[in-house]
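Here's a quick look at how two protein chains meet in one model. Have the viewer open while you read.

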Amino acid sequence: MSLLKVEELSVVFRQRGREDVRAVDGVSFSVAPGETVGLVGESGCGKSVTSLAVMGLLPRRGVLVEGSIAFDGTELLTLPADKLRTLRGRDMAIVFQDPMSSLNPVVPIGVQVTEVLVRHRGLSSGEARAEAAELLRRVGIPDPARRLREYPHQLSGGMRQRALIAAALACSPRLLIADEPTTALDVTIQAQILELLKGLVADTGTALVLITHDLGVVAGMCDTVHVMYSGRIVERASRHELFASPRHPYTAGLLASVPRLDRPRGERLEPIQGSPRDTLPWSRGCAFAPRCRNRVDECARAAPELHGGSHSLRCFNPIEAKAVNR
Amino acid sequence: MSLSQAEVVLAGDSGDGAGGSLGRDAWRRLRRNPVAIAGAILVFLFVAVALLAPWLAPFPPDKPVGQVTPTSIPGPSAEHWFGLDDLGRDEFTRILWGARWSLVIGVVSLLLGMTGGLLLGLLAGAFGGVVDTVVMRFVDMVLAIPGLLFAIGVAAMLGSGLEAVMIAIAVVNVPIFARLLRGQMLAQRQSDYVLAATSVGVRRRRIVLGHILPNSLTPVIVQGTLTLATAIVDAAGLAFLGLSSNDPSIPEWGRMLADTQRYLSSAPLLAVFPGLAIIFAALGFTLLGESLREALDPKYRR
């Protein structure tokens with residue numbers, strides 16, 4: 001039974017005098033309790049917009065959201081705003097990319113963590129403070145009582161991200177979305193934050209959607225991985241399958257462009273040709289075709305469908321599957 | 001990369017208690033700025049004189065203390081430092097008392113104008129959309145009229161008197177504060193921390209009052225200080241034009257300036273003293289306001 005079930009989600013940004021931008025285009029995925037699902041892709045592929053759509057945080061004006069987002073059986077897209085507000089923070093929460101700007105600079109940390117508790121659990125401010133100190137301790141912030149009184153600029157980046165995670169976890173949400181939670185942090189802190197999230201999933205059975213462009217993070221965390229390109233999912237597989245035998249040329253390109261310790265040192269990294277701007281609209285063919293090494297004539301004629309079972313992909317000329325020994 | 005690491009290290013350091021809050025940071029820069037100190041001294045003198053006028057002044061402000069005729073008005077002497085005015089009252093005493101009136105007029109009109117402006121700005125900034133459009137078109141309309149001219153109109157409409165002057169100056173300042181706060185709030189609404197607060201289900205009212213508003217107030221403080229300066233000048237201007245109180249015993253700088261016009265050839269110093277007083281009071285608030293702006297502006301942070 002999946003906790004979050006997203007089906008055929010589309011997000012279109014419309015602006016007067018400009019062409020509509022289809023940022024997310026028919027994305028489907030589901031997350032079960034205790035499962036970690038990765039959404040992977042380059043900047044602008046629609047992964048963050050997907051997460052904002054799930055949380056209902058997209059602006060209402062000028063944005064068209066279609067499809068279905070079911071959370072524990074409740075359809076979120078038609079849910080009244082006040083019900084959705086109650087759900088947010090209590091049952092589902094999100095951690096954003098930039099801990100520097102996601103905390104209010106003129107409000108003490110304590111207030112920002114406790115307001116969730118006051119809002120959703122109706123605690124008095126004293127109870128909420130005690131609880132918040134406990135939360136900060138749980139995410140590994142030393143001397144939490146003092147930190148609660150401090151302002152965001154008095155905390156390091158890693159601490160701020162921990163504080164944000166503490167606020168997100170305050171009501172033990174069943175779904176946590178982490179939108180590039182470690183991008184703004186340096187490597188050692190990245191590992192700590194990921195360990196923290198991992199421990200959380202293991203301990204509480206929280207469903208985690210991890211949004212990242214970092215395949216290293218995916219390799220360490222995710223059960224299932226969805227690779228997105230230009231608003232659509234192009235490959236979907238278990239982490240093991242995906243790393244052992246990537247079949248979509250885009251996934252293979254992403255993997256080849258990351259340095260690995262198990263390859264000879266002299267080997268050159270192979271970047272994917274072109275940039276995400278060299279994209280074909282899906283209505284005219286495969287969006288990745290202009291940058292693809294495996295391009296065939298068919299790619300410019302029609303868009304491939306997502307096919308295949310547990311390891312599905314959207315490609316006319318995929319890379320041969322390797323035998324995966326488990 | 002090295003920059004962001006440095007920032008992290010710095011942030012870590014101050015986290016250990018050595019550094020301080022945003023306010024303390026601004027205070028430190030303010031103290032090092034000679035312009036700020038000059039402004040602060042002028043403001044301090046002005047406020048001190050205004051509060052202590054009854055004790056500092058050597059003579060009563062509203063009674064003749066010497067003999068004068070229209071052709072012979074005694075100038076400065078050891079007894080009367082600034083001389084006597086056209087009705088034989090001690091000019092120095094009246095300048096001191098004038099500070100009190102200027103301060104009262106400045107502060108009251110500032111508070112009235114700021115309150116009105118902030119309420120309108122809050123309305124526009126919090127709701128946006130149609131409310132924002134209506135409020136801002138009203139503000140544009142008012143701002144299209146030059147400030148002093150508008151104040152003259154309002155004061156004339158309300159009839160002369162100090163209340164009319166204060167209300168007129170307040171009305172002129174309402175749109176300035178409204179637009180300032182609204183602009184700040186709109187900018188803050190797009191920020192990540194508002195999105196983050198929304199994402200944990202914080203209610204709209206709390207986001208507006210608890211998150212957006214406190215972040216939007218810094219420029220309001222600066223504007224408030226600067227507005228005190230213009231309010232003092234505007235009040236003097238209105239009094240000069242005869243739109244202040246009819247009571248000649250009230251020592252108001254602008255009125256004193258206006259009353260001495262007739263004696264400009266025989267006692268020119270009577271125009272110089274209130275003029276200088278107005279200049280120094282306005283200068284003090286302007287210098288202080290400008291250096292506050294610099295101290296609080298993150299672009300100047302080191």
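This is a predicted model: local features need pLDDT of at least 70, side-chain atom pairs count only at pLDDT 80 or more; totals for chains, interfaces and linings use all residues.

Chain A brings 36 residues to the contact, and chain B brings 26 residues. Put together, chain A and chain B bury about 2400 Å², with 57% of that on carbon and sulfur atoms. On chain A's side, a trio stands out: Glu115(A), Arg119(A) and His153(A) account for 22% of the area that chain A buries against chain B, more than any other three residues.

How many salt bridges cross the interface of chain A and chain B? The rule turns up 1. Glu115(A) pairs with Arg206(B) there, and their closest N and O atoms sit 2.7 Å apart. As for polar contacts, the count is 9 residue pairs between chain A and chain B, both residues being at pLDDT 80 or more.

| Class | Residues on the side of chain A that touches chain B |
|---|---|
| Nonpolar | 15 residues |
| Polar | 10 residues |

Now for α6(A). This helix is mostly covered, with 13 of its 13 residues buried. Its length checks out too: at 1.5 Å a residue, the 13 residues of α6(A) should span 18 Å, and the end C-alpha atoms are 18 Å apart, so the two agree.

Note on methods: Residues are numbered from 1 along each chain as its sequence is written. Chains are lettered from A and ligands numbered from 1 in the order in which they are written. Side-chain values use heavy atoms; hydrogens and water are left out. Contact means heavy atoms within 4.5 Å. Buried area is the accessible area (1.4 Å probe) that two parts lose on being put together, summed over both. A salt bridge is a side-chain nitrogen of Lys or Arg within 4 Å of a carboxyl oxygen of Asp or Glu. A polar contact is a pair of N or O atoms within 3.5 Å; within protein, one must be able to donate a hydrogen and the other to accept it, and residues adjacent in sequence count only if both atoms are side-chain atoms. Ala, Val, Leu, Ile, Met, Phe, Trp, Tyr, Cys and Pro count as nonpolar, Asp, Glu, Lys and Arg as charged, and the others, Gly among them, as polar. Helices (H or I, at least four residues) and strands (E, at least two) are DSSP runs, numbered from the N terminus. The expected span of a helix is 1.5 Å times one less than its number of residues. Buried means under 20% relative accessible area, exposed over 50%, partly exposed in between (1.4 Å probe, protein chains only).
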